[in-house]
Amino acid sequence: MKTYAIIPAAGSGARFKNDIPKPLVLLKGKEIFVYSLEVFEKSSFIDGMVVIAPADRCQEFENVIKKYSFKKPIKVVAGGNSRYESVSNGLKVLDPNIDFVLVHDGARPLVSLKVVEEAINMAYATKAVVVGVPVKPTIKRIDPRAKEIDTTLDRNILWEAQTPQVFAYELLMQAHRQGVGLDVEATDDAFLVERFGAKVKMIEGEYRNIKITTPEDLKIAEALLE
Ligand code: CTP
Ligand code: MG
């Protein structure tokens with residue numbers, strides 16, 4: 001099975017509030033997005049990687065990647081204004097003969113090889129897989145105007161979606177094509193596949209696979225790496 005990884009890393013990092021783009025920020029001396037590439041380099045299931053970089057930073061990303069002498073083919077592609085556009089740009093450069101696509105946020109450096117390979121194996125069987133974790137807190141749905149609670153959701157059926165997310169190539173292509181002009185923000189790829197009407201399997205990942213979103217997340221990641 002030919003499987004490629006797309007790593008969207010073209011976001012503006014608005015909530016991180018930093019001068020250099022979030023994926024280039026150093027975590028224990030290494031650029032945040034490089035951690036994921038190292039995991040994919042190790043997996044015998046993955047044939048190559050496509051890194052989505054901010055349009056004006058592609059050369060910089062290329063230079064960083066060069067420093068680490070990866071053996072697998074890695075392409076750097078310019079992203080778009082939304083995560084959806086960024087992943088779509090990555091899909092466009094893939095060889096149409098591949099079988100599976102794994103999408104993983106460049107902002108999740110703590111993903112493990114075990115989780116990556118479990119997700120890929122499950123996708124080979126079911127075509128669409130999301131890695132997630134059961135939510136720990138009590139989640140309430142609120143009325144956003146009144147800031148009053150509508151209802152308390154049943155925690156037993158709530159999971160937080162993470163990445164990696166792995167899909168059969170043709171399924172993800174179709175779901176993305178149908179997502180053109182969508183008026184709600186697709187914050188992950190499973191959302192598009194769900195809308196397309198396909199079943200998506202959720203498998204249990206790891207709580208440590210956090211997304212670096214705000215500055216305190218970087219501190220948490222540092223602590224988790226110790
Ligand atoms: N991403 C992307 N292209 C975009 C927006 C997001 O490739 N136009 C990527 C980010 O670089 C990140 C992942 O999607 O690796 C998850 O997005 P998020 O954590 O929201 O990162 P940002 O969009 O950069 O942050 P913010 O929403 O705070 O601006
Ligand atoms: Mg974002």
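**View 1. Pro164 lies in strand E10, residues 159-168.** Helices (H or I, at least four residues) and strands (E, at least two) are DSSP runs, numbered from the N terminus. The model is predicted: local features need pLDDT of at least 70, side-chain atom pairs count only at pLDDT 80 or more, and totals for chains, interfaces and linings use all residues. Residues are numbered from 1 along each chain as its sequence is written, chains are lettered from A and ligands numbered from 1 in the order in which they are written, and side-chain values use heavy atoms, without hydrogens and water. The peptide bond from Thr163 to Pro164 is cis. Its omega is near 10 degrees. Most peptide bonds are trans.

**View 2. Lys17 sits in the loop between strand E1 (3-8) and strand E2 (26-27).** Lys17 is not a glycine, yet its phi is positive, about 50 degrees. Most residues other than glycine have a negative phi.

**View 3. Ligand 1 has 18 residues around it.** A residue counts as near if one of its heavy atoms lies within 4 Å. Pro8, Gly13, Ala14, Ser86 and Lys211 come nearest. The shell holds 5 nonpolar, 8 polar and 5 charged residues. Here Ala, Val, Leu, Ile, Met, Phe, Trp, Tyr, Cys and Pro count as nonpolar, Asp, Glu, Lys and Arg as charged, and the others, Gly among them, as polar.

**View 4. Oxygen atoms of ligand 1 meet the backbone of Gly13 and of Arg15.** A backbone N or O atom of Gly13 is 2.8 Å from a ligand oxygen. For Arg15, the backbone distance is also 2.8 Å. Lys22 uses a side-chain N or O atom, 3.1 Å from an oxygen of ligand 1. Taken alone, ligand 1 exposes 560 Å², and the protein buries 87% of that (Shrake-Rupley method, 1.4 Å probe).

**View 5. The protein chain has 7 helices and 11 strands.** Its C-alpha trace spans about 50 × 35 × 35 Å along the principal axes.

Key: A polar contact is a pair of N or O atoms within 3.5 Å; within protein, one must be able to donate a hydrogen and the other to accept it, and residues adjacent in sequence count only if both atoms are side-chain atoms.
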